[in-house]
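Biologist: I would like to go through this structure and ask what stands behind each label. Please show it first.

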Amino acid sequence: MGLRREPQLRINSQREISELQSETKQNVDSVMTVQDAIEQNVDSVMTVQDAIEQHERNEEIDILSRIR
């Protein structure tokens, strides 16, 4: 078995370089958008978690106030 060689990318003009840079930037921007969406979802989960904890604290306060 011989080594498989990947085809070489030939860039023939400054325009092609510019197009590749633009496409790369778009891909990076898309990745950042996905990352931002994930962070927003994590923030939402944290908000739900905070609400659950607050509800539990309120229930404990209600129970304590009834005992007094």
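Modeller: This is a predicted model. Val-34, Ile-38, Val-42 and Met-46 make a nonpolar surface patch of about 370 Å².

Biologist: Why is Val-42 called partly exposed?

Modeller: Exposed means over 50% and buried means under 20%, with partly exposed in between. The 45% of Val-42 falls between these limits, so Val-42 is partly exposed.

Biologist: Where is the place of Val-42?

Modeller: Val-42 is in helix α1, which covers residues 14-67. The protein chain has 1 helix and 0 strands.

Biologist: How much of the protein chain is made up of buried residues?

Modeller: Buried residues account for 0% of the 68 residues. The accessible surface of the chain comes to about 7000 Å², and 54% of this belongs to carbon and sulfur atoms.

Biologist: How many salt bridges are there?

Modeller: The count comes to 2 salt bridges.

Biologist: Why is the contact of Arg-15 and Glu-19 called a salt bridge?

Modeller: The N to O distance between their side chains is 3.1 Å. The cut-off is within 4 Å, so Arg-15 and Glu-19 qualify. They are 4 residues apart in helix α1, so about one helical turn separates them.

Biologist: Which labels do Arg-15 and Glu-19 get for accessibility?

Modeller: Arg-15 has 59% and is exposed, because the limit for that label is over 50%. Glu-19 has 42% and is therefore partly exposed.

Biologist: How do you know that Asp-29 forms a salt bridge with Lys-25?

Modeller: Their closest N and O atoms are 3.0 Å apart. That value is within 4 Å, so the pair counts as a salt bridge. Asp-29 and Lys-25 are also 4 residues apart in helix α1, which means a separation of about one helical turn. Lys-25 is exposed at 53%, whereas Asp-29 is partly exposed at 35%.

Biologist: Which residues form the negative surface patch?

Modeller: Asp-50, Glu-53, Glu-56, Glu-59, Glu-60 and Asp-62 form it. Asp and Glu count as negative, so the patch is called negative.

Definitions and conventions:
Residues numbered from 1 in each chain as written. Predicted model: local features only at pLDDT ≥ 70, side-chain atom pairs only at ≥ 80, totals over all residues. Heavy atoms only, no water. Patch = residues over 30% accessible without salt bridge, like charges linked within 9 Å, V, L, I, M, F, W, Y side chains within 5 Å. Areas by Shrake-Rupley, 256 points an atom, 1.4 Å probe, with all protein chains shown as cover. Helix = DSSP H or I, 4+ residues; strand = E, 2+ residues; numbered from the N terminus. Buried < 20%, exposed > 50% of the residue type's maximum accessible area, 1.4 Å probe, protein only. Charge placed at Lys NZ, Arg CZ, Asp CG, Glu CD.
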